[in-house]
Amino acid sequence: MDHAGYEKLSAQQCRDLPEECTHAAHCIIYAHNDDKLWGKFPLRAAVMMQVRFDGLLGFPGGLVDKGESWEQGLNRELQEEIALDLERFRVEEADHVGGYLRRKPRLRCYHCYVKQVSLQEFLSIETAAYGAPDYGSEVLGVMRVPLHTLEDGKGGLPAFLQNRFVGAARDQLLFALQTTGIMSGDDITSALCWDSS
Ligand SMILES: O=c1[nH]cnc2c1ncn2[C@H]1C[C@H](O)[C@@H](COP(=O)(O)OP(=O)(O)O)O1
Ligand SMILES: [Mn+2]
Ligand SMILES: [Mn+2]
Ligand SMILES: [Mn+2]
């Protein structure tokens, strides 16, 4: 059980879940970014997150409706929340990287998908998001995650990780940063070490 009370499942373990399990699916859309902040701090990648209606940070996606496959539900949510152009950027089964299982108050799996695009494509997705049906209601902002750490060891990702995240979103972010190679385990650990409290 990880710190937020979720059991991390592999993609195969997700496929073995019982019928009564309900599902949510969210997608981490990212692009490698060779730019540097002030020509000094590597930005590493553009990773999309959102400010949600509940004030918490999360990824675009949502609950999978009855009769939908995980990917059908996720692509529907991505269209609703960020106006994702499904002709160009449809999320596929191969983008599934695992799930986070909760047993209480009901058995539910929070599936994590990761989709890499080019920086140019990321910019087009970002721009289109402001015209999404749910923008301004369920989605109150679209942002990029700071993946740099300033000289004080606090500014950037360490400070960002002090925000409030919904559900398993923080675990999913850290998992995706490592599994995509955007950040090394050591970089992530040092960003986690700083705690403002
Ligand atoms: O980004 C996320 N990662 C993991 N779990 C998440 C994330 N965002 C929300 N959640 C949890 C908590 C929510 O209650 C459920 C459903 O997601 P949500 O996006 O709120 O559902 P709809 O868009 O309203 O369908 O998953
Ligand atoms: Mn929904
Ligand atoms: Mn939604
Ligand atoms: Mn949602």
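Let's start with helix H4, whose face turned away from its buried side carries the exposed residues Gln 120 and Thr 127. Here exposed means over 50% relative accessible area, buried under 20% and partly exposed in between, with a 1.4 Å probe and protein chains only. This is a predicted model, in which local features need pLDDT of at least 70, side-chain atom pairs count only at pLDDT 80 or more, and totals for chains, interfaces and linings use all residues. Residues are numbered from 1 along each chain as written, chains are lettered from A and ligands numbered from 1 in the order written, and side-chain values use heavy atoms, without hydrogens and water.

The buried residues of H4 (residues 119-129) are Phe 122, Ile 125, Glu 126 and Ala 129. They cover an arc of only 100° around the axis, so they sit on the same side of H4; the arc is that of the directions from the helix axis to the C-beta atoms. Helices (H or I, at least four residues) and strands (E, at least two) are DSSP runs, numbered from the N terminus.

Now for the metals. The manganese ion (ligand 3) is coordinated by Glu 77 (OE), Glu 81 (OE) and Glu 138 (OE), at 2.1 Å. Glu 77 belongs to helix H2 and Glu 138 to the loop between H4 and E8, 61 residues apart. Donors are N, O and S atoms within 2.8 Å of the metal (3.2 Å for Na, K and Ca); water is not among the atoms, so sites may look incomplete. Glu 81 is buried at 2% relative accessibility, while Glu 138 is partly exposed at 32%.
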